[in-house]
Amino acid sequence: MMDSLWKHIKNHIEEVSNQHFASSSIEPICGGDSHYAYKVTSSHSGEALFVKINKRSAYPMFIAEAQNLAALADTHSIRTPKFICYGEAEGSSYLVLEYLALLPDGDDYLLGQQLAALHQSPIKLDNSLFGFRHNNYIGLTEQVNTWANDWCTFWIEQRLLPQINLAYQNGFRSHLEVLEKPLIEAAQGILSKHHPDAVLVHGDLWGGNKGFVNELPVVFDLACYYADREVDIAMTELFGGFSARFYRGYNNSWPLKEGYEQRKALYNLYHILNHLNLFGAGYLQQTIQMMHQIRSATPIN
C-alpha cells in the first residue's frame, strides 16, 4: 500500500510542478506528534520536499494547513515553507511542502521585527472582525473561527468555553466546573474594555514552530486567525524558546499596550486547556493554577 501511495504522491507532485520527480531517497523525520513526516529527495533535480502522511480522516487538517500557509505568505512578512500539494489516496491523506534544512538559532531580532510586520500587514477584511474564513486546528483540536465583532465575546465563546466543555467530556468536570463561572466573569472584566484591532496571527507560536535558514526566520504549523496580536506574544512566553533579542525586535517595531501582562495568562490558558485535552491530566494542576490566577486578577478599568 505504501508503494502505491508514494507513486500517487509522486504523480501529484509532477502534475503540479510540471516536471519529472523521481525520488532517490525517502527519509523519516522525527519530532512531530501528529503526523508521519518524511524528507523526499528527487534523483532528477536534487530537490528535497517535506511530506506529511496520516489517515484519510486527517485530510481536513492538511487542507487547513495549506490555507493557513497561503494566508501568511500573502502578507510577505515571515517566510513559511512553500506549499506544493495535498491529496488523498490508499486510505491516507498527505501534504507536500518545500523542505527546509532548519536550524534552531538565527536572527532573533529579525524574527521579532517580522512578527510585528505580520501583525501590521494590511488585511482584506474589516479589521473589526475576529475569526477566520474557515475553521482550522490547534494541534489535533478543531479551532472554530466564526466571525465576531467583539474580541471579549470571541475569546470567551470560541476559545475558552469550547476547551472547557471538551475538558468536561474528557473527565475533568469535577476539577474545573466550580472555576468556570468565576473564570468567565474575570475574563469579561479583563477584556471588556480592551478593544484591539483584528490582525492576522500565527496562532500557535511556540519555540517548536520556528526555525532559521541562513539566519533568516521561518515559521510553520500555523493556526491562523484574526485576533489580538498579543495572543502570539503571550504564547512565545508560555513554553520559552524566544530570546530577549526577539522581544526587542518586536517592541522596537510595535510596542505592546498597557495591560498585556494581565491579559497574557488569559490567552495562554487556551493553550494549556488544549494540552490538557490532548495530553491528559499532566496539565491539570497548571490549568487549575492558571484559572485561579486569572480569577484573582484585578479587572482593567
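Here are some notes on the predicted model above, from the whole chain down to single contacts.

1. Ground rules. This is a predicted model, so to speak for itself: local features need pLDDT of at least 70, side-chain atom pairs count only at pLDDT 80 or more, and totals for chains, interfaces and linings use all residues. Residues are numbered from 1 along each chain as its sequence is written, and side-chain values use heavy atoms, with hydrogens and water left out.

2. Overall build. The protein chain has eight helices and 11 strands (DSSP runs numbered from the N terminus: helices are H or I with at least four residues, strands are E with at least two). Its radius of gyration is 20 Å, close to the 19 Å that the globule rule gives for 301 residues, so the chain is as compact as a globular protein of that length. The radius is taken over C-alpha atoms, and the rule is 2.2 Å times the number of residues to the power 0.38. Along the principal axes, the C-alpha trace spans about 65 × 45 × 35 Å.

3. Of the 301 residues, 51% count as buried (under 20% relative accessible area; exposed is over 50%, partly exposed in between, with a 1.4 Å probe and protein chains only). Among contacts with a separation of 6 or more, 67% come from residues 24 or more positions apart; contact means heavy atoms within 4.5 Å.

4. The five-stranded sheet. This one is open, ordered E1-E2-E3-E5-E4, with antiparallel pairing (two strands pair if DSSP finds at least two bridges between them). Strands E1 (23-29) and E4 (83-89) stand at the edges with a single partner strand each, so one side of each is left without a neighbour in the sheet. The twist averages 20° from one strand to the next.

5. Around E2. Six bridges join E1 to E2 (residues 36-42), with Ser 42 in E2 as the bridge partner of Ser 23 and Thr 41 in E2 opposite Ser 25. E2 and E3 also pair over six bridges, in the antiparallel sense; there, Tyr 36 has Ile 53 in E3 as its bridge partner. The E2 and E3 hairpin has five residues between the strands, and Gly 46 takes a positive phi near 80° in it. E2 is mostly covered, with five of its seven residues buried.

6. A helix across the sheet. H2 (residues 59-73) lies across E3, E4 and E5 and runs at about 20° to E5. For angles and distances, axes are lines fitted to C-alpha atoms, for helices over the stretch in contact, and angles run from 0 to 180 degrees between N-to-C directions.

7. H5 and its partners. H5 (residues 230-238) packs against H6 (residues 244-253) at about 170°, with the axes 12 Å apart. The two are therefore roughly antiparallel (over 145 degrees; under 35 is roughly parallel, 65 to 115 roughly perpendicular, the rest oblique). With H7 (residues 260-279), H5 packs at about 75° with axes 8 Å apart, which makes H5 roughly perpendicular to H7. The residues of the H5 and H7 contact divide into eight nonpolar, two polar and four charged. Here Ala, Val, Leu, Ile, Met, Phe, Trp, Tyr, Cys and Pro count as nonpolar, Asp, Glu, Lys and Arg as charged, and the others, Gly among them, as polar.

8. Thr 141. This residue is in strand E7 (residues 141-143) and is buried, at 11% relative accessible area. Leaving aside neighbours within four places in sequence, Thr 141 contacts Asn 136, Gln 163, Leu 166, Asn 274 and Leu 278.
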